[in-house]
Amino acid sequence: VIGKVDINSPIPLQVSSKSGDKLLGVSGVVRGIYSNTNLSAGTPRVTAVTVPAGEMWMITHFGIAYVGTVSTVVLYLELTVSTSIYKIGWFTPVVNAGWYFSPAPILVIAGESLGGQVFNATAGDDVYIQWIGYKMNLP
């Protein structure tokens, strides 16, 4: 046995080592929707949310939707770590107003950002990004 789960804790999930040190605590749910209803033309990149200091998120659902007229649009879901941008998912062809989701959960730590990019956007197009997951306090 590596640790134990305290089901009587006010925190939904608390994992401790045998010595009682907290290894990880789930302290709530994170969710949000970002919208930009006036994209610039070209390949605009947007930052939807940045994880606050002292937190770590496990994002279970991370999606993007595009509303516009261009049939050759490519949508990207992105994780930004410092100055590096990681493509979490890319989607083409896309259906106008259809939602597209990352294929797996994403672990995001303090200072990292979730966002997206629309390749071949027309000025005035719309992009929506949503995320749902768990907030974890670091020990």
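**Reading one residue, then its surroundings**

A: Tyr 128 is partly exposed, with a relative accessible area of 24%, where buried means under 20%, exposed over 50% and partly exposed in between (1.4 Å probe, protein chains only). This is a predicted model, in which local features need pLDDT of at least 70 and side-chain atom pairs count only at pLDDT 80 or more, while totals for chains, interfaces and linings use all residues. Residues are numbered from 1 along each chain as its sequence is written, and side-chain values use heavy atoms, with hydrogens and water left out.

Q: Which residues is Tyr 128 in contact with, leaving aside neighbours within four places in sequence?

A: Contact means heavy atoms within 4.5 Å, and on that basis Tyr 128 touches Tyr 34, Ser 35, Thr 37, Gly 63, Ile 64, Ala 65, Val 67 and Trp 99.

Q: Is strand S10 largely enclosed or open?

A: Strands are DSSP runs (E, at least two residues; helices are H or I, at least four), numbered from the N terminus. Six of the seven residues of S10 (residues 113–119) are buried, so this strand is largely enclosed by the rest of the structure.

Q: How many bridges join strand S6 to S10?

A: Two strands pair if DSSP finds at least two bridges between them; S6 (residues 74–81) and S10 run antiparallel and share seven bridges, with Leu 79 opposite Leu 114.

Q: Which residues touch the most other members of the largest nonpolar core?

A: In soluble globular proteins, nonpolar side chains tend to be buried together. Such a core is a set of buried Ala, Val, Leu, Ile, Met, Phe, Trp, Tyr and Cys residues joined through side-chain atoms within 4.5 Å; of its 28 residues here, Ile 59, Leu 75 and Trp 131 touch the most other members.
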